[in-house]
Amino acid sequence: MKLYFFKCSVSDDLYGASPNKSGDPLPTPAGGKWLLVEIVDSGHPDAIIGYEKDTAKSEINKWGCHWFATTGPAEIHWGDDGLLKSGL
């Protein structure tokens, strides 16, 4: 499976992975978007720092996408004001 890797435009350290070139269904904050940064095979050992293949596979199977920071998997929330609230 090919994965498309994205960087969040409203965060310095938040990335997403999706099997879709459009980034769907990565959650999009108000005023933000996902910027395509690299296309690699999902088995690539050095895809992006912080990317964990097993965690990503599980989340993609469950949610259709996966998000992470350089330190590993990340939980994110979109606040009422549309700003990113990171659960890192």
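Q: Which side chain does the side chain of H66 make a polar contact with?
A: In this predicted model, the H66 side chain makes a polar contact with the side chain of E59, at 2.8 Å.

Q: And where does H66 lie?
A: H66 lies in strand β4, which covers residues 66–69.

Q: Is H66 buried or exposed?
A: H66 is buried, because its relative accessibility is 0% and the cut-off for buried is under 20%.

Q: What else is H66 in contact with, leaving aside neighbours within four places in sequence?
A: Besides E59, the residues in contact with H66 are Y15, G16, A17, L26, Y51, T55, A56 and I60, with those sequence neighbours left aside.

Q: Which residues make up the largest nonpolar core?
A: Nine residues do: Y4, F6, C8, L14, L26, W34, C65, W67 and A74. Strand β1, residues 2–8, supplies the largest share of this core, with three residues. A second, separate core has eight residues, including A17, Y51, I60 and F68.

Q: Why might nonpolar side chains be found together like that?
A: In soluble globular proteins, nonpolar side chains tend to be buried together.

Q: A change of topic: how many disulfides are there?
A: The count is zero disulfides, taking sulfur atoms within 2.5 Å as the criterion.

Q: Are C8 and C65 buried or exposed?
A: C8 is buried, with a relative accessible area of 2%. C65 also counts as buried, at 2% relative accessibility.

How values were computed:
Residues numbered from 1 in each chain as written. Predicted model: local features only at pLDDT ≥ 70, side-chain atom pairs only at ≥ 80, totals over all residues. Heavy atoms only, no water. Helix = DSSP H or I, 4+ residues; strand = E, 2+ residues; numbered from the N terminus. Buried < 20%, exposed > 50% of the residue type's maximum accessible area, 1.4 Å probe, protein only. Polar contact = N/O pair within 3.5 Å; in protein donor to acceptor, adjacent residues only side chain to side chain. Contact = heavy atoms within 4.5 Å. Core = buried A, V, L, I, M, F, W, Y, C linked by side-chain atoms within 4.5 Å.
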